[in-house]
Amino acid sequence: MAPRPPPLQPNRDSVTTIAEDGSRNFLRPADVSGPFTFWRRVSALFLIAVYIALPWIPINGAPAVFLDVASRRFHFFGFTLATEDLWFLFFGLTGLGFLLFFVTAVFGRLWCGWACPQTIFLEHVFRRVERLFEGPAAQQKALDRQDWNAEKVLRRGGKHLVFVLIAAVIAHIFLSYFISVDALFAWLGEGPGAHPRAFVFMLVMTVILYFNFSWFREQLCLIICPYGRLQSALIDDDSIIIGYDENRGEPRGKASDPGAGDCVACNRCVEVCPTGIDIRQGLQMECIGCANCIDACDAIMKKLKREPGLIRYDSLQGLAGRKRRILRPRLFLYLFLMLLGAGAMAYSATKIQPVSMTLSRMTGAPFFVDEDTVRNQLQIRLINKRSEPIALDIRAHATEENGIPLETSGYDQTLLLEPLAETRRPFVVRIPREAYAGSFQLTVHAEADDGALDVVRTIDFLGPDPRLLREDWEARQ
Ligand code: SF4
Ligand code: SF4
């Protein structure tokens, strides 16, 4: 095996994961334990449980989260949206974006360290499996250097096999958000040939997940994710971050050295860092706020019978020994924008009706002129977004010229829509030739028979030039 260049020491001018010759320096962070690690694990297990459970929990006749792309219906905790209602999510996503800004301005990268799926699956699932097969970081590094033999094949091969299986499970759960758990199990029974598109989707996702969690890892946070780069714009000196208390730690030296600070230069904080940085060099874009270095350093301080918190959650002001401002203009701005998004979403939600109706023109000519009538052939699409059946009366009238006598066909009785059902029907509107004086707006109502609901849509009724129609009519008399 060709000798590899020595790994770079973390510094502020280079990325630790790239060696001097440009090759990848594959990180092997050491294991760590402590209160933050414990609570992060609890939070990760809870979030993984939520991810697995959401497609299983039925609310209002549909899974709690079900993005039914095939039927163009999207279920969120008992609330069903049709494709044309999705604009409403824009406000929700905007509000969530500003919530993330707000949380970052207050607590730094809390999301990355505690709730991001990349960190959760990498740190709490894949690295745990890796340690199970290859042992702690020192053993993993020894295995890297070791020539291939039966033991290395078994350890590495076993690990990658389990990685592929976990990636496939995550991909299948993800797929169930789009097709439902029942369909997932049914499709699994039918085999890949019965649903090739879903199979390819699942396969591609498994490969991407396996590649990401087995090799790409922290590169996703360092190279691809834009959030880390936004950090410098979102936080200020009063935001809570993970930092090193330089006043207390410097100058570094042996524990027995009376002139030295509290940092004994043991390098434990660097060894446990999943992005390979040295937090003692200050706040860096690569820090994902995982708190591993806090637990690692606190354990050293405990051994030395010194106060914990040499590395801790604090603001840059606090680490410099100054008072931290809690209320700052940017917090109010982010809070205001977040509430604006949430308020707009809540208001829009009240405007979303439980029945969705769309009117469109059927393919072919835009209008037809018969012996006695001008005719428009429309299609009406109705979706019942509720989990109860609904009976609808469909009627049409001319918005601008109420005197126009309309004759409609396609609906001769009350229409019963089953729960969450969709129907498309032809809707033909005729008016007598002599009544046609130019195009006009047609209003169609879908009214619940109990009067509790009235969905209204409009469409233009089209016809020929009325003068030509009149001349033709007169010629025939
Ligand atoms: S773990 Fe603590 S004592 Fe050890 S090098 Fe890091 S900051 Fe210094
Ligand atoms: S510096 Fe500390 S908090 Fe930041 S990524 Fe490294 S170990 Fe995690």
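Helix H12 (268-271) and helix H13 (292-303) each supply at least two residues of the shell around ligand 1. Helices here are DSSP runs of H or I with at least four residues, strands are DSSP runs of E with at least two, and both are numbered from the N terminus. The model is predicted: local features need pLDDT of at least 70, side-chain atom pairs count only at pLDDT 80 or more, and totals for chains, interfaces and linings use all residues. Residues are numbered from 1 along each chain as its sequence is written, while chains are lettered from A and ligands numbered from 1 in the order in which they are written.

**Ligand shells**

- The shell around ligand 1 has 15 residues, and those that come nearest are Cys-263, Cys-266, Arg-268, Cys-269 and Cys-297; a residue is near a molecule if its C-beta atom, placed from the backbone, lies within 6 Å of it.
- H13 gives the most to the shell around ligand 1, namely three residues.
- By class, the shell around ligand 1 holds 11 nonpolar, two polar and two charged residues. Ala, Val, Leu, Ile, Met, Phe, Trp, Tyr, Cys and Pro count as nonpolar, Asp, Glu, Lys and Arg as charged, and the others, Gly among them, as polar.
- Ligand 2 is surrounded by 14 residues, of which Cys-273, Ile-279, Cys-287, Cys-290 and Cys-293 are the closest.
- The shell around ligand 2 divides into 11 nonpolar, three polar and no charged residues.

**Helix H6 and its packing**

- Two packed helices are described by the angle between their axes and the distance between the axes.
- H6 and helix H7 (residues 181-190) pack at about 115 degrees, with their axes 7 Å apart. Axes are lines fitted to C-alpha atoms, for helices over the stretch in contact, and angles run from 0 to 180 degrees between N-to-C directions.
- His-172, Leu-175, Ser-176 and Ile-179 of H6 make the contact with Val-181, Ala-183 and Leu-184 of H7, where contact requires C-beta atoms, placed from the backbone, within 7 Å.
- The H6 contact with H7 comprises five nonpolar, two polar and no charged residues.
- Val-162 also belongs to helix H6 (residues 150-179).
- The C-alpha atoms of Val-162 and Phe-126 are separated by 9.0 Å, with the two residues 36 apart along the chain.

**Three-stranded sheet**

- An open sheet of three strands runs in the order S3-S4-S5 with antiparallel pairing; two strands pair if DSSP finds at least two bridges between them.
- S3 and strand S5 (79-82) are the edge strands, each pairing on one side only.
- Neighbouring strands of this sheet are turned by 15 degrees against each other on average, direction ignored.
- Strand S3 (residues 65-68) and strand S4 (residues 73-76) are joined by four bridges; Val-65 has Phe-76 as its bridge partner in S4, and Phe-66 stands opposite His-75.
- The hairpin of S3 and S4 has four residues between the strands, and Arg-72 takes a positive phi near 55 degrees there.
- S4 and S5 are likewise joined by four bridges, and the partner of Phe-76 in S5 is Phe-79.
- In the hairpin of S4 and S5, with two residues between the strands, Phe-77 has a positive phi near 50 degrees.

**Four-stranded sheet**

- Four strands form an open antiparallel sheet in the order S13-S11-S15-S16.
- Its edge strands are strand S13 (415-417) and strand S16 (454-461), each pairing on one side only.
- Neighbouring strands of this sheet are turned by 30 degrees against each other on average, direction ignored.
- Strand S11 (residues 390-398) pairs with strand S15 (residues 440-448) over seven bridges in the antiparallel sense, and Leu-392 has Ala-448 in S15 as its bridge partner.

Key:
Contact = placed C-beta atoms within 7 Å.
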